[in-house]
Amino acid sequence: MGQSQRWDDGLDPSVLSDQFFELWNQNNLQMLHLAAIQGFSKLSEPLEALLTILESCPGKQKGRSHTLGYHILMEFQMWMKERPQVSLSSLAEDKAVELQRRALGLLTDTQPNFVDTLINIYQLKALDPSIQCMQICKLQALNCYKEAVTLSIKLGLQTELNTEEMLIPLILQDKLPLAESFVKGHRQLEKQLVMLLDSWCHPDFNVEDIRKKFPRLSLSKHYMAQIQPKMLTRHVVRLLEKFKIDQSLCPNALHKRRLDSLRYLVYKTFGDKTMTEENWTDHVQYVVADDLELQVHLVELMVKYSSLQKASQWSLKYNIPKNRLSQGVWEMQQSLPPALQQICLNDLTQEEEWIPPQSHCQKFYQAPLTKDKVHFVDTLETLQRCQSIVLKESGVVGVDMEWQPTFGCVTVQKVALIQLAVLNQVFLLDLCAKGFCHQPDLVGFIRALFSEQNILKLGYGMTGDLKCLSATWPELSEEPLKMEGMLDLLRVHQEIQRGKVNRVQNAPREVLVSEDSSEKGLSLLVQQVLGKPLDKTEQMSNWEKRPLRISQIRYAVADAYCLLDVYSALSSNPASFGLPADLRSITSGQSETSKDKQKEKRGKKTAQVPRKEECQGAQRVSPPHSDTLKGLLCGEQPSEDTPPLPPQQLRVVCDNMLQGLGRYLRCLGVDVVMLENTDDHRVAAKLAQDEGRVILTCGQPFQTLRSQVGEGRCLSLDCSEKARDQAVRVLRHFNVQPTPSDIFSRCQ
């Protein structure tokens, strides 16, 4: 009786709700729109009535991306814009708070799409934070961790909540980007996130201790992969840079990264034997630094992979306590004469020969330059001379850069040396020379060089170089370089590889470069085109240490000058390498053929997807006969007299490896359920059994899934194919022929 009396002066919300529900089931959105406009105007208390209607609406429905509540709320928002008198401020304070509490209670996992609108209509950001936090706690109690964090961000509650309780479930559920959004802009919270991840990098960390705090947290069997120390360390180092946090707050991750780097250096030096003693000594001191545990580990590795003498020398250098030394190291220390107690290197001050040994020349590419044709640029005077030669119009310049390897200890590296090669000479811009790097004229020269369209700049994989340039000069991030006249030979190399042409220009025979060649990148291109690879021994040397060794200078010069030689060889006879006459036409990394194919693909896509301003729902119909499906899945082709299958009658469940295919099929009107990234493959089998769906999967899960659902209920696809090609294969397999009216007939 009381309920009916409340609405005596206007339309009963329950009547309007029933009308909405009937039209929704009929999929008549146009009539629902008209009913909303008329019905809202008849309500005596629209804001209260809206909540009553929304509270009675069903939640998520399969096959529909939006709920009935979402449509009603959108209609109410449009209706309300033309009626400013309908607002929360027109109500008494107690009444307004009551409605706000009810509105807040609607923000659950069943109504994720209309959060912003509900917040705005009921001014939920102005509600008492303690009341807001209670709703967040309710969502967490329901295991709706993602929804709790999303709502707390929208309400600005980050500093009011327990940070670890908000973040830990997200990290374990592989939702770290959402955790980053939660802390972004809150300095203390950013530190807490990074320090939390760092604490999980400690050797004694046990994830079961965390799981005990969240016993109801639903996790996939793959969640452990997200919290492996290696993966966590990557995230910590990345976030240190992103949030500009002091590295001292993350000792565990950095120790792990340095430990891995130390092991890598040992392998490169004593296992792979591709790192020189000089480079090893430079890098190992950088990696070990003043970390006693790493110093001890270094000595242990020396005992295992080198010799007791080397181990003793390093232990003496770092003054490692006797009780931390490996067996035999202390005794070796005592037996070493004073002259052998220090780490001994070859006499690096001795002048190296510019021309390497004959054996080296026969094996590797050599820049055809004498030493006097190599010019160091480290003052304004030498820079002016460099500019006058390099910036000549219609010139060709080979561009390369070197920087100090940091082995992942920091994510951003600064350029130490820029090599500019022109015909018969190379300029080495020394950015480590005191005061030279910060000269405005130097940055101006770099801008002028890269922006000059009439100077062809040659590089190989310039993306990394340009990233390091931006780290070297922050002004390049604020005002990026204007890139004109660039030719990235990496794109040209990709074109050659696609054509599988490994021919040496002007040579009496082809270079036989097998698929398992040890060469890669620029060295492989030089070998394919010029006949000999580059010597990459000095690639990982200390490029910030001065003076540079002759072998380093030789490497830097060759890395830049080979670009000129390669370009010259390719340009003189491009057809023999399967290239177009104008190499600049493939700067985007696509041949003319692939460009034409992309244009054709875009044309087909435009033709196949008619424009529709609004997604419309599609009624669910019964699945096709199981015998028909079984025959198709067993490889039988549909007979000519078999009528085409409407898309709505094909009901499938896409494994989480085929989400792109699922979205494509849904666009065409197929009834699709897609597994989430965290779902186990067995979920697909359960859905197939319960709802009569066909499983679409790829790879190893096929055999397991097929055995669970029986013959003819599981189709395996090629993961390497694009989603569009997979969709075409599925449609042909089931003889499904979508019509224009099927396109976007199902809400996305």
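This is a predicted model: local features need pLDDT of at least 70, side-chain atom pairs count only at pLDDT 80 or more; totals for chains, interfaces and linings use all residues.
1. Leaving aside neighbours within four places in sequence, Ser312 is in contact with Val329, Met332, Gln333 and Leu336, where contact means heavy atoms within 4.5 Å. Ser312 belongs to helix H18; helices (H or I, at least four residues) and strands (E, at least two) are DSSP runs, numbered from the N terminus. Ser312 counts as buried because its relative accessibility is 0%. The term buried means under 20% relative accessible area, exposed means over 50%, and partly exposed lies in between (1.4 Å probe, protein chains only). The C-alpha atoms of Ser312 and Val299 are separated by 7.5 Å, although these residues are 13 residues apart along the chain.

2. Residues are numbered from 1 along each chain as its sequence is written, and side-chain values use heavy atoms, with hydrogens and water left out.

3. The overall composition is as follows. The secondary structure of the chain comes to 33 helices and 10 strands. Of the 748 residues of the chain, 47% count as buried. Among contacts in the chain with a separation of 6 or more, 67% are between residues 24 or more positions apart.

4. The next point concerns the nonpolar cores. A nonpolar core is a set of buried Ala, Val, Leu, Ile, Met, Phe, Trp, Tyr and Cys residues joined through side-chain atoms within 4.5 Å. The largest one has 88 residues, and Tyr122 and Leu172 are those with the most contacts inside it. Helix H5 (residues 68–81) gives the most to this core, with 8 residues. Apart from this core lies another, of 43 residues, including Tyr460, Tyr555, Cys562 and Leu570. Beyond its neighbours within four places in sequence, Tyr122 is in contact with Leu47, Leu50, Leu51, Leu88, Leu99, Gln100 and Ala103.

5. Helix H10 (residues 163–172) is mostly covered, since 8 of its 10 residues are buried. The buried residues of H10 are Thr163, Met166, Leu167, Ile168, Pro169, Leu170, Ile171 and Leu172. They pack against helix H8 (129–141), helix H9 (145–155), H11, helix H12 (187–199) and helix H13 (207–213).

6. Two helix pairs deserve attention. Helix H4 (residues 46–55) and helix H6 (residues 93–105) pack at an angle of about 20°, with their axes 10 Å apart. Axes are lines fitted to C-alpha atoms, for helices over the stretch in contact, and angles run from 0 to 180 degrees between N-to-C directions. H4 is therefore roughly parallel to H6; angles under 35 degrees count as roughly parallel, over 145 as roughly antiparallel, 65 to 115 as roughly perpendicular and the rest as oblique. The contact is made by Leu47, Glu48, Leu51, Thr52 and Glu55 of H4 and by Lys95, Leu99, Arg102 and Ala103 of H6. The crossing of H4 and H6 is left-handed, a term used if the near helix is turned anticlockwise from the far one by less than a right angle, with right-handed used if clockwise.

7. H15 and helix H17 (residues 292–305) pack at an angle of about 25°, and their axes are 11 Å apart. H15 is thus roughly parallel to H17. Their crossing is right-handed. On the H15 side, His255, Arg258, Leu259, Leu262, Arg263, Val266 and Phe270 meet Glu293, Leu294, His297, Leu298, Leu301, Met302 and Tyr305 in H17.

8. A search of the whole structure finds 19 salt bridges, a salt bridge being a side-chain nitrogen of Lys or Arg within 4 Å of a carboxyl oxygen of Asp or Glu. Arg238 forms one with Glu180, the closest N and O atoms being 2.7 Å apart. This pair links distant parts of the chain, with Arg238 in helix H14 (residues 229–243) and Glu180 in helix H11 (residues 176–183), 58 residues apart. Arg238 counts as partly exposed because its relative accessibility is 32%, whereas Glu180, at 7%, counts as buried.

9. Asp260 and Lys256 also meet in a salt bridge (2.5 Å, N to O). These two residues are separated by about one helical turn because they are 4 residues apart in helix H15 (residues 251–271). An α-helix has 3.6 residues a turn, so residues three or four places apart point the same way.

10. Lys310 forms a salt bridge with Glu277, with the closest N and O atoms 3.0 Å apart. Lys310 lies in helix H18 (residues 308–318) and Glu277 in helix H16 (residues 277–288), so the pair ties together parts that are 33 residues apart in sequence. Elsewhere, salt bridges that share partners join Arg651, Asp671, Glu691 and Arg693 into one network.
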